[in-house]
Amino acid sequence: DTTSREITYNEFLEMVDKGLVKKVVFGSDKLTIIPNTQPFSGNGVEISYYTGYTGKMEDPDLVSRLEKAGVEFSEEIPD
């Protein structure tokens, strides 16, 4: 189970720069962001964030920024 919350792209970049992101999954229209730490909920629910993103949105530095921050990243495979 997961609980997702939308954040802005700038908030996502701030999280990366502060070392708060564990993993990012590139989807066709959004980025799913898994933080390094999860609040203790007792019911095993994972908290994640997402931000709108399209392939048309060019951020040539994003991959190197994620690598530098030690963030695991992958691309969602469409059905």
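In which sense do S3 and S4 pair, and over how many bridges? S3 and S4 pair in the antiparallel sense, over four bridges. Strands pair if DSSP finds at least two bridges between them. Strands (E, at least two residues) and helices (H or I, at least four) are DSSP runs, numbered from the N terminus.

This is a predicted model, in which local features need pLDDT of at least 70, side-chain atom pairs count only at pLDDT 80 or more, and totals for chains, interfaces and linings use all residues. Residues are numbered from 1 along each chain as its sequence is written, and side-chain values use heavy atoms, leaving out hydrogens and water.

S2 (residues 21–26) and S3 (residues 30–35) run antiparallel and are joined by five bridges. A hairpin of three residues links S2 to S3. Two bridge positions are listed below.

| Residue | Opposite residue |
|---|---|
| Leu31 | Thr51 in S4 |

Ser48 lies in S4 (residues 46–52). Ser48 is buried, at 4% relative accessible area; buried means under 20%, exposed over 50%, and partly exposed in between (1.4 Å probe, protein chains only). Beyond its neighbours within four places in sequence, Ser48 is in contact with residues including Thr3, Thr32 and Pro35, where contact means heavy atoms within 4.5 Å.

Helix H1 (residues 9–17) has the buried residues Tyr9, Phe12, Leu13, Met15 and Val16. Seen down the axis of H1, these fall within an arc of 155°, so they line one face of the helix; the arc is that of the directions from the helix axis to the C-beta atoms. The buried residues of H1 pack against S2, S3, S4 and helix H2 (62–68).
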